[in-house]
Amino acid sequence: MLPQLFTPNLGRLIGAGLLACSLVTLSACSKNGDTASSESTADIPQSATEYTPENLEKDVPLADKAKPESGVDYHSFANTNDYIVKHLDLDLTADFDNKVLKGEAILDIKRLTQKTPPLILDTRDLDVTAVRAGVGNSLQEVKFSLGKKDPHLGTPLKINLPAGANKVAIQYQTSPDASGVQWLEPQQTAGKKHPFLFTQAQAIHARSFIPLQDSPQVRVTYKATIRTPKELLAVMSANNDPETEKDGVYEFDMPQPIPSYLIAIGIGNLEFKPMGERTGVYAEPELLAASAKEFEDTESMLEVTEENYGPYRWDRYDLLILPPSFPFGGMENPRLSFITPTVIAGDKSLVALIAHELAHSWSGNLVTNASWRDLWLNEGFTTYLTNRIMQFVYGDERYKMEMALGYDDLQADLDDREDKDEIMAIDMRGRDPDEVFSNIPYEKGSLFLYELEQKVGRENFDNFLMEYFNHFAFQSITTEDFVKYLDDTLLKQYPDKLDRARIQQWIFEPGIPEGAPHPQSDAFSKIDPLRKQWLNGEITASDIDTNGWTFHQWKYFLDGMPEKLSADQLQELDSSFHLTQGKNNEVAFSWLMIAVRNDYAPANARLEDFLISIGRNKFVRPLYRAMMENGKEDEAKRIFEKAKPGYHPLTVKVNSKIIYGD
Ligand code: BES
Ligand code: ZN
């Protein structure tokens, strides 16, 4: 349940001319707040939805309303109706001994009201030592206070501003346990000699390393100076210079405005290798050549995406290969996607991840979800684009397999979830975005777009997407903005092919609408009868001709096995296909899930090694869950405690819940 102090960010409502409420007055969002001046609205993306003051009933906390308000960010304390941060100047020193980032964040703020209410920023576990504020360069020390800590949202920082102030300088340091920063010991890196640091801000962790308005509705440009031990290199979601000398002081500039969840820092013994004219890879030297080879098609991916969906607007596109504790497969930090090394399979079988992070340069980084309820606008569009990029670069068969696997992932999640969580525009009020994460925004979103494509024709749909990215470039939009845009475009153009009720159903109702497309692949259909014959004992595993099977086919073969297999069957599969020793992490994961469900002891050592060496939640979470559900609680606890010192804070958080409950 939400605490009383909870203050959703009402910026967009104010943009539509509504009343504001501030942290101090918010036992309820009352009508006594300040009114936004009309000249200020240009800075705030306008919502397509008509809002009236009656939408906010007096004394009803927003979190208790039957439905979430479109355009409200329930995950930020920031009073974006009073101020908008436009630019950030960061100067941070990475102190690896104490595991803290220490320095100053200077925010350029634009005032949206006539008065000077306190500025409220998002923070989490920051130690704020001093705040100065004022106009231009004449800043004076001002009073500040930290509010009550909310378990999901962190702590609001309230700053008293002098009249007319347009700059705020905050001196602070992060906590060694900052939720968005991982400090790695040399042992956890490929080279084992140097420490490593990386940040992961999405969804609401930027506030754990920078005090700011941590809402996807606010875009900032930024400049940064990052100070590191001399032998290490710092990179950021900004203009990395491939030629940079390692000297321990690194300057960055991000001239395009980006939301806070895309601010990112990586520090380590990094080197650069170009892959193409605009693309390259940063990695530890031990991984550099293999990474550049594995991801050598990145430049082609970039070119086909531009051809079909409009110009790439971010200058360079580089990859940063992280240590395996990175809790995700990838993160679309602009100009520099952060990538898990667990996808370097040696055969490019897992490079859809790169297509995915690259696609976010359009869907997400250019056109951004206005709140975490609208995440499907980022991830659903990106998943759709990923499949298309894979088709452009690798052809139809690969495309169909990727699509079919995505569909199966969606089915699995639908089987697992409550109805309310199957809705694309999901109600996130009072919830931790890290806990709500699922395939629904990704795969249901993508399937919805695929249906639209099928109905209006591919070329028309591609044109629509190109226009959409252009129309909303550098804006943050709500689900309702998108629906309105559909109304004005495709629905008008193709009234006989599309219907509004069905669009509502896709977005606001659970499950997959009847008659939705069901992507399938011939390469998979051939596998079904073989699996069946083997399960029936009609053929042996060695009778199955697996020659030339791609990872997709292995995954399909294994994921389609029944819950329970006999000891003999497990042994036969393993001795025929050497699954326990398998090198492809996705296939290894599918096999380990089978092993856990069926108590297959010969895989125990690999399972332990896998869980200790990899922190990617897509793998780790289902494995711990399966262990807990299959009578292996003690083993799960033992391995988790052993692995924990090496896990990212997010991996610790979500898996502690599974293992120890709330
Ligand atoms: N932006 C996401 C990661 C993310 C989402 C972090 C929500 C925090 C909150 C990233 O682009 C992503 O989707 N990664 C996937 C890639 C996969 C679907 C190809 C991953 O990490 O598995
Ligand atoms: Zn994504």
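Reader: What should I know about the model before we start?
Author: It's a predicted model, where local features need pLDDT of at least 70, side-chain atom pairs count only at pLDDT 80 or more, and totals for chains, interfaces and linings use all residues. Residues are numbered from 1 along each chain as its sequence is written, chains are lettered from A and ligands numbered from 1 in the order in which they are written, and side-chain values use heavy atoms, with hydrogens and water left out.

Reader: OK, which residues come nearest to ligand 1?
Author: Q202, G329, E332, E357 and Y442, out of 15 residues around ligand 1. A residue is near a molecule if one of its heavy atoms lies within 4 Å of it.

Reader: And what does the side chain of Q202 do there?
Author: One of its polar atoms sits 2.7 Å from a nitrogen atom of ligand 1. On the oxygen side, a polar side-chain atom of Y442 lies 2.6 Å from an oxygen atom of the ligand, and an N or O atom in the side chain of H360 is 3.0 Å from an oxygen atom of ligand 1.

Reader: How much of ligand 1 does the protein cover?
Author: 86% of the 520 Å² of accessible area that ligand 1 has on its own. Accessible areas come from the Shrake-Rupley method with a 1.4 Å probe.

Reader: Which element gives the most to the shell?
Author: α4 (352–359), with three residues. β18 (330–331) also gives two or more. Helices (H or I, at least four residues) and strands (E, at least two) are DSSP runs, numbered from the N terminus.

Reader: Switching topic, how is the chain divided into domains?
Author: Into domain 1 (8–268), domain 2 (271–508) and domain 3 (528–660), with bounds from an automatic or database domain assignment. 58 residues of domain 1 are in contact with 52 residues of domain 2, contact being heavy atoms within 4.5 Å.

Reader: Back to Q202, what is the peptide bond to A203 like, cis or trans?
Author: It's cis, with omega near 0 degrees. A203 lies in the loop between β10 (196–199) and β11 (219–227).

Reader: What about the phi of K348?
Author: K348 has a positive phi of about 60 degrees, though it is not a glycine. You'll find K348 in the loop between β19 (336–339) and α4.

Conventions:
A polar contact is a pair of N or O atoms within 3.5 Å; within protein, one must be able to donate a hydrogen and the other to accept it, and residues adjacent in sequence count only if both atoms are side-chain atoms.
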